[in-house]
Amino acid sequence: MNKPVIITVCAVGAEVTKEQTPYIPVTPDEIANDVFECYKAGASIVHLHVRDKNGNPSQDKDIFKEVTDKIKAKCDIIIQYSTGGAVYMTVEERIQGLINKPDMATLSTGSINFGDEIFSNTREQMIKIATKIKENGIKPEIEIFDTGMIDNALYLIKKGYLSTPLHFDFVTGLLGGVRATKEALQYMLPLLPENSTWTVAGIGKSQFDIAKEGILLGGNIRIGMEDNIYLEKGVLAKSNAELIKKAVSIINELYPITQRKVATVKEAKEILGL
Ligand code: KMH
Ligand code: ZN
């Protein structure tokens, strides 16, 4: 059998509001319950953002701890903290939760337009985040929003801020970033360092189409309301678990071609060297 497909659920994010979809989980209990349903459906990693009492994006280490504890009380899903946070946050704010030593944490290796704002990751900011990730013994996931960000990651490896083997996440389909196409993946994959593992995410309507390409190309997938709130055109997903179930059905439909099943947490840990 070929390598199983790791499903990451990006359940919350920083941008989606209850006005856009009433189904976005924002309280610690809403997040933990939805993540648990996603785990039961087949997700083995949760890419985690948290919200404050008003539902606004937060990187507060105590809220991260509360949500992490609630999830861990229910299941052993791999916990990955966002260090991206929201566009207006300082790097210090973005990395404070890493003291909780989650299994994984993101590192975006470059700046990019994000809506009307800039998601800022200057060289100095990247080095600060990479250093904090390393100090806490956390496995990084390198977020690639555009092709040149791969070269920034290679630079950080060369300078010793990152160690291989690395796990990458291609966040495709953001306006101004790399397109959510098979051709874009085929361009980027040979640029990764040897022995890298990778996931693909698609923003908005590209989510399931690019996931399919990722599965066929041997990669892993990120699915969830941070990136896409629709189950299908015009139909809001009522939970992240609904989106995960749809992803699982795609993996199963492709099985005759790929011989790839949905990865368990144990398999995901082996693949990622956790
Ligand atoms: N919310 C975006 C500005 C990450 O989680 O590491 C950044 C983001 C990336 O979501
Ligand atoms: Zn995120």
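Start by selecting helix H7 (residues 207-216) and helix H8 (residues 240-258): their axes, lines fitted to C-alpha atoms over the stretch in contact, come within 10 Å and cross at roughly 35 degrees. Helices here are DSSP runs of H or I with at least four residues, and strands are E runs of at least two. This is a predicted model, where local features need pLDDT of at least 70 and side-chain atom pairs count only at pLDDT 80 or more, while totals for chains, interfaces and linings use all residues. Residues are numbered from 1 along each chain, ligands from 1 in the order written, and side-chain values use heavy atoms, without hydrogens and water.

Next, show the zinc ion (ligand 2). His47 (NE2), His49 (NE2) and Glu226 (OE) coordinate it at 2.1 to 2.2 Å; donors are N, O and S atoms within 2.8 Å of the metal, and with no water among the atoms the site may look incomplete. Histidine 47 sits in strand S2 (residues 45-48) and glutamate 226 in the loop between strands S12 (220-223) and S13 (230-232), so the pair ties together parts 179 residues apart in sequence. Color by accessibility: histidine 47 is buried at 3% and glutamate 226 at 16%, where buried means under 20% relative accessible area with a 1.4 Å probe, protein chains only.

Now pick Leu48, Ile71, Phe170, Ile221 and Ile244, which have the most contacts inside the largest nonpolar core, a set of 78 residues. Such a core joins buried Ala, Val, Leu, Ile, Met, Phe, Trp, Tyr and Cys residues through side-chain atoms within 4.5 Å. H8 is back again, giving the most to this core with 8 residues.

Technical notes:
Axes are lines fitted to C-alpha atoms, for helices over the stretch in contact, and angles run from 0 to 180 degrees between N-to-C directions. Donors are N, O and S atoms within 2.8 Å of the metal (3.2 Å for Na, K and Ca); water is not among the atoms, so sites may look incomplete. Buried means under 20% relative accessible area, exposed over 50%, partly exposed in between (1.4 Å probe, protein chains only).
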